[in-house]
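The following note sets out points for a colleague's reading of the model shown here.

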Amino acid sequence: MESRIFSSGPTTTVPRLTKPAGRVNTIAVSSPATLNTTGGNLIWGRQLRPSLLNLNFSSPSLLVSTPANLDRNVLKPCAATASDSGGDAAPESFLAKNPWLTTGFFFFMWYFLNVIFNILNKKIYNYFPYPYFVSVIHLAVGVVYCLGSWAVGLPKRAPIDSNLLKLLIPVALCHALGHVTSNVSFAAVAVSFTHTVKALEPFFNAAASQFILGQPIPITLWLSLAPVVIGVSMASLTELSFNWLGFISAMISNISFTYRSIYSKKAMTGMDSTNLYAYISIIALFVCIPPAIILEGPQLLKHGFSDAIAKVGMTKFVSDLFWVGMFYHLYNQLATNTLERVAPLTHAVGNVLKRVFVIGFSIVVFGNKISTQTAIGTSIAIAGVAIYSLIKAKIEEEKRNLKSA
């Protein structure tokens, strides 16, 4: 009596399992082995586990009598499936699925560090009014941080030659002048007023692009700058903390940072932004040290340091200087990292919102009293900056699209 094996392959007739005898061809097969995923095998009319039919032809543990012309492919093991091979891809992380969380965290830290820097910086000036020396501290702490990062290879220091140094020196000079004059303004007037005046920076950028670089500026951009000029003028006329030193210093800062942008375009290199900012900070530090010694050195040695220590104590004085320098460097570095992650439009909105945050928090923390006209003027200026930034970002995006087309 014959037995039939029905599988997903062709039907093949084999003799019943019997004791080997005579000249019957035999093959050796092993005990049940790996799983056959087809699962459709029947023997003697009964469903069998697929593994019972996956036989290894190398072991003599079981003898099956078979005709010499048996198609052995019927009993050949099936290939393992992808899930059996362990080759499944690693599951995507939560942050990879939600990149907006990472970008949002960068924005939050950028704003947070910027606000903390401005508040702590102004608190220091309330008991230690020496902006040139404090500017040196800002850069010095950042330089030490950069040198430590290079020492551990995070990031690896990029090489610099004389040609690159010549390109970076003008950038660093403008950076140093803009940084020092900003701090002179912070020390002289309210933080909110300094940032309101610094909202004029886009106006100076547009003027430099038009009249120095020879790049035509669309009329829509010029029109969007009108509210900025009007708003700053309104705020300045009724600002309770107004003085000419603070106003002029903020304006010089705007001009300095405008020229920094111009020279930065001429000094475009393949160096990453972190290394580039580190070299600029080192050069700027050496630029800021001489005026600090000349203009404030004698006063500091005579009574500047002693008065500050008498007011807040040595520990607080030193820790305040260290942390204000650390916050200054970190917020600048984090701003670069943040803006590299987003589109120009988001960049523009982020800059405007940052200024709004700083002005708002400084008014709350220091309790600065502002007139109604100052509040309206500041709001108009910020709105103008927002309109200008959005229009400029849209123009830049259209230019890139035309180049890529």
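1. The protein chain has twelve helices and six strands, where helices (H or I, at least four residues) and strands (E, at least two) are DSSP runs numbered from the N terminus. This is a predicted model, in which local features need pLDDT of at least 70, side-chain atom pairs count only at pLDDT 80 or more, and totals for chains, interfaces and linings use all residues. Residues are numbered from 1 along each chain as its sequence is written, and side-chain values use heavy atoms, with hydrogens and water left out.

2. Of the 405 residues of the protein chain, 41% count as buried (under 20% relative accessible area; exposed is over 50%, partly exposed in between; 1.4 Å probe, protein chains only). Among contacts (heavy atoms within 4.5 Å) between residues at least 6 apart in sequence, 83% join residues at least 24 apart.

3. Neighbours within four places in sequence aside, L321 is in contact with I124, F133, V134, I137 and V141.

4. F211 is found in helix 6 (residues 201-211) and counts as exposed because its relative accessibility is 66%.
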